Amino acid sequence: MWALKIACIGAGYVGGPTMAMIAYKCPDIEVTVVDINEARISAWKSDILPIYEPGLDHIVKAARDRGNLQFSSDVTKHVAAADIIFVSVNTPTKVQGVGAGKAADLTYWEKAARMIATVSTTSKIVVEKSTVLRRNCRDPSIHFEILSNPEFLAEGTAIADLESPDRVLIGGKETVSGRRADVQQVGHAIGTDSRIGHKFLNASVGFGGSCFQKDILNLVYICETVGLQQVADYWHSVVHINNYQKQRFVGRIIEAMFNTISGKIVTVLGFAFKKDTGDTRETPAIDVCKGLLNDNAQLHIHDPKVSEAQIRQDLATSPFQWDHPGTVANCKAAERDSIRVFDNAVDACKDSHAIVVLTEWKEFAKYDYTAIWDTMVKPAFIFDGRNVLDHDHLRSLGFIVYALGKPLDPFIQRIYS
Ligand code: NAD
């Protein structure tokens, strides 16, 4: 019945939207997304999808209803039946052993590759790159054509990125000409990414997300292993500066609020690592909230797309542990009691001494700050970690405003001088 069968291993932020788009655009191809995480698979089959992306609901539901997009936890059955297999499993930073804290942990990838080799009874195209496959297949007549297709979608704009990508890279078997790394070709490929430009040159409390830090750390590790220590140090400093930026922001808040936030209510608006996603992996909000809790603040937290359970788990998990299944979240009782999560921003701001904006959700700029100011303890502070609010308007209402990279509020200036 189907012209082709595709299986994707990994129903996450990349596998889910990418496969949904393929199924939506290609009605004669059967696409099955498989995952060992049964809860995630059930959510993909339900009305409430496990991840939020603008436009994703429509595409998934349309392809699901048509019948050529399925989700399943029967991984081996669908991998065995597929003509093309995409591998989109997590590749977190290693937490122990050689390269801990920098190198990519390829455990999940290797397990997936071994499983493909074991269950395959027909030749397949595998979209990724692994020598493990060839060495573990018992039947020499089965051929694996292995392609690499790096993913450039960005969370929050995944559907738009999939519909009109800046570029698509597909790599195959190494050739003699392919082995010459021509730096101008590399420059050309990188330069086609429209994210390199004004879209991403915004001041912020720090970058986050599951990929950027992980990929930089892996680059550091690769540079070290090939003897390029100076290059490794350069890239490592990017991660150090990002961490410093988050600490500096916390320091600014404490200094401005008369050098103590102990017992004060601080309302955090935004917990996701950027707008239009509910993803909190490596979000700067985790470090900023932990810094504020460490100085005994009481936190009120609101994010339009992040659940209370997710926020509490993130604040109880150590760095690098979040992507390793089986990690036990461990929040001290005192900290647990210092956190309240709200599904409404206005309620979250009530009785607070300060508002701290950590995600650039558009709706944050639309609130009635006159009403919010009335319910807050005075002097009422706003620390805009994303520069999304109308600072002049807020000052006219009586707020003391700290905006990243902008002239200091005269009130804060007096505290610092
Ligand atoms: P994710 O953690 O959201 O999803 C990975 C899924 O793979 C998980 O649900 C996990 O249960 C599943 N999995 C792991 N091992 C498995 C196995 N053996 N069999 C079946 N399922 C298995 O990860 P993601 O964000 O989708 O990223 C996937 C890959 O794409 C990573 O290598 C990442 O670096 C890369 N990437 C991510 C993005 C992004 O924006 N998130 C962008 C570009 C590239």
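Author: Helices (H or I, at least four residues) and strands (E, at least two) are DSSP runs, numbered from the N terminus. This is a predicted model, in which local features need pLDDT of at least 70 and side-chain atom pairs count only at pLDDT 80 or more, while totals for chains, interfaces and linings use all residues. Residues are numbered from 1 along each chain as its sequence is written.

Reader: Which helix gives the largest share of the shell around the ligand, and what makes a residue part of that shell?

Author: A residue is near a molecule if its C-beta atom, placed from the backbone, lies within 6 Å of it. The largest share, 3 residues, comes from α5. Of the 25 residues around the ligand, those that come nearest are G10, G12, Y13, V14 and N90.

Reader: How is the shell around the ligand divided by class?

Author: Ala, Val, Leu, Ile, Met, Phe, Trp, Tyr, Cys and Pro count as nonpolar, Asp, Glu, Lys and Arg as charged, and the others, Gly among them, as polar. On that basis the shell has 12 nonpolar, 8 polar and 5 charged residues.

Reader: How does the reach of α5 compare with the span expected of it?

Author: The expected span of a helix is 1.5 Å times one less than its number of residues. Helix α5, residues 107-119, has 13 residues and reaches 18 Å from its first C-alpha to its last, which is close to the 18 Å expected. Its buried residues are W109, A112, A113, I116 and A117, and because they cover an arc of only 135 degrees around the axis (the arc of the directions from the helix axis to the C-beta atoms), they are on the same side of α5.

Reader: Why is D276 called buried, whereas D351 is called partly exposed?

Author: A residue is buried if 20 or more other C-beta atoms lie within 10 Å of its own, exposed if 12 or fewer, and partly exposed in between, with C-beta atoms placed from the backbone. D276 has 21 other C-beta atoms within 10 Å and is therefore buried, while D351 has 13 such neighbours inside 10 Å and so counts as partly exposed.

Reader: What is noted about the backbone at D276 and at D351?

Author: Most residues other than glycine have a negative phi, and most peptide bonds are trans. Phi of D276, in the loop between β7 (265-269) and α11 (284-294), is near 65 degrees, a positive value in a residue other than glycine. D351, in the loop between α14 (345-349) and β10 (354-357), has a positive phi of about 70 degrees although it is not a glycine.

Reader: Which residues does a cis peptide bond join?

Author: That bond joins K378 and P379, with omega about -5 degrees, and P379 is placed in the loop between α15 (369-375) and β11 (381-384).

Reader: What makes L397 partly exposed, and with which residues is L397 in contact?

Author: L397, in helix α16 (residues 391-397), has 14 other C-beta atoms within 10 Å and is therefore partly exposed. Two residues are in contact if their C-beta atoms, placed from the backbone, lie within 7 Å; leaving aside neighbours within four places in sequence, L397 is in contact with Y369, T370 and W373.

Reader: How is the protein divided into domains?

Author: The protein is divided into domain 1 (4-191) and domain 2 (238-416), with bounds that come from an automatic or database domain assignment. Their centres, taken over C-alpha atoms, are separated by 35 Å. The contact takes 12 residues from domain 1 and 11 residues from domain 2.
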